[in-house]
Amino acid sequence: MGTYVCPDRPCRRTAAVSPRTPHTARPDLQADCANCFGLCCVALPFARSADFAADKPAGTPCGNLRDDFRCGIHERLRDSGYTGCTVFDCFGAGQKVSQVTFEGRSWHAEPDSARTMFAVFPVVRQLHELLRYVAEALDLAAARPVHAELRRAHDDVDALSRGDADSLLELDVAGVRAEVNVLLLRAGELARAAAVPGRRKDHRGADLMGARLRGAKLRGASLRGACLIAADLSGADLRDADLIGADLRDANLRGADLTGALFLTQAQLNAARGDAATRIPATLRRPGHWSA
């Protein structure tokens, strides 16, 4: 289980009103655990660490998974040592695999399907993540010059995500990501240029772990794939910055302004630290663990 890996760099790593259409309102791109067979709790591995209280190999159910495929400690994951679960997002891939690819047949009821289902899940998750970003790019008025190509890419990726298990396992996901990333990069550049004309800071893929960026002027900057683990971004101006794939684990966003931030996800916010003064896009929620 982990955060988004930006195509540019494999980084290991109170809400303000946004002018963009709420792309996150699309239910097909949001996790619907009630219609999923607990795939993230079974298919993916995790190691005992600050993020997980125990080791779990891929394909083995988490000890907290109940028979109804619900998490037994969902309301107290952080207190129980499972912070990693709170920053994972399948972008709706769980219900797609459960209800579309396998037509509602669970791995529990049909054990022979388990291995295939668990292998398909991360493939569809990557496709759904791309769909989420493309949907946001289509909401960007400044990206209109690439909207036609983005719509075609969306339809192509959506069709791929609806393929059967064999076709999904044979899919060159890296190739698909690379093609779509070209369009996402262009959309981001157009949006940033419209918001901040002239020279903009470029920290694409930068290693900024623990960086002291308190009050930094980063409006319209590119932080694509940047490692910002434990960085101090308190009071920073991140308006209209491109944050696709940025690793914000334990980053200090207290008092920061992320209004209009591009490709920012709920999982990224959940991984960071903020407070009531942190301004975020209206399409996202202020994490419950942030300070008042």
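These legends describe close-up views of a predicted model.

View 1. The protein holds 7 helices and 0 strands. Along the sequence, the pattern reads α-α-α-α-α-α-α. The C-alpha trace spans about 60 × 45 × 30 Å along its principal axes. For 292 residues, a compact globule would have a radius of gyration near 19 Å, and the protein agrees, with 19 Å. Of the 292 residues, 52% count as buried.

**View 2. Helix H3 packs against helix H6.** Two packed helices are described by the angle between their axes and the distance between the axes. H3 covers residues 114-139 and H6 covers residues 173-195. Their angle is about 15°, and their axes lie 10 Å apart. Angles under 35 degrees count as roughly parallel, and H3 and H6 are therefore roughly parallel to each other. H3 passes H6 in a left-handed crossing. From H3, the contact takes in Val-123, Gln-126, Leu-127, Glu-129, Leu-130, Tyr-133, Val-134 and Ala-137. From H6 come Val-173, Val-176, Arg-177, Val-180, Leu-184 and Ala-187. By class, this contact of H3 with H6 has 11 nonpolar, 1 polar and 2 charged residues.

**View 3. Helix H3 also packs against helix H4.** H4 runs over residues 147-161. H3 and H4 pack at an angle of about 155°, with axes 9 Å apart. Angles over 145 degrees count as roughly antiparallel, so H3 is roughly antiparallel to H4. The crossing of H3 and H4 is left-handed. On the H3 side, the contact residues are Val-124, Leu-127, His-128, Leu-130, Leu-131, Val-134, Ala-137 and Leu-138. On the H4 side, they are His-147, Leu-150, Arg-151, His-154, Val-157, Asp-158, Leu-160 and Ser-161. The residues of this contact of H3 with H4 divide into 10 nonpolar, 4 polar and 2 charged. Leu-127 of H3 meets H4, and Leu-127 is also among the H3 residues that meet H6.

**View 4. Asp-240 has a positive phi.** Most residues other than glycine have a negative phi. Asp-240 is not a glycine, yet its phi is positive, at about 60°. Asp-240 sits in the loop between H6 and helix H7, which covers 266-271. Is Asp-240 buried or exposed? Its relative accessibility is 16%, so Asp-240 counts as buried. The cut-off for buried is under 20% relative accessible area.

**View 5. Phe-263 has a positive phi as well.** Phe-263 is a residue other than glycine, and its phi is near 60°. Phe-263 is found in the loop between H6 and H7. What is the relative accessible area of Phe-263? The value is 0%, so Phe-263 is buried.

**View 6. Arg-285 lies in the segment after H7.** Its relative accessibility is 56%, so Arg-285 counts as exposed. The cut-off for exposed is over 50%. Which residues does Arg-285 contact, leaving aside neighbours within four places in sequence? They are Gln-266, Leu-269 and Ile-280. Asn-270 is 15 residues from Arg-285 along the chain. The C-alpha atoms of Arg-285 and Asn-270 are separated by 9.1 Å.

Conventions. Residues are numbered from 1 along each chain as its sequence is written. This is a predicted model: local features need pLDDT of at least 70, side-chain atom pairs count only at pLDDT 80 or more; totals for chains, interfaces and linings use all residues. Side-chain values use heavy atoms; hydrogens and water are left out. Axes are lines fitted to C-alpha atoms, for helices over the stretch in contact, and angles run from 0 to 180 degrees between N-to-C directions. Helices (H or I, at least four residues) and strands (E, at least two) are DSSP runs, numbered from the N terminus. Angles under 35 degrees count as roughly parallel, over 145 as roughly antiparallel, 65 to 115 as roughly perpendicular and the rest as oblique. A crossing is left-handed if the near helix is turned anticlockwise from the far one by less than a right angle, and right-handed if clockwise. Contact means heavy atoms within 4.5 Å. Ala, Val, Leu, Ile, Met, Phe, Trp, Tyr, Cys and Pro count as nonpolar, Asp, Glu, Lys and Arg as charged, and the others, Gly among them, as polar. Buried means under 20% relative accessible area, exposed over 50%, partly exposed in between (1.4 Å probe, protein chains only). The radius of gyration is taken over C-alpha atoms; the globule rule is 2.2 Å times the number of residues to the power 0.38.
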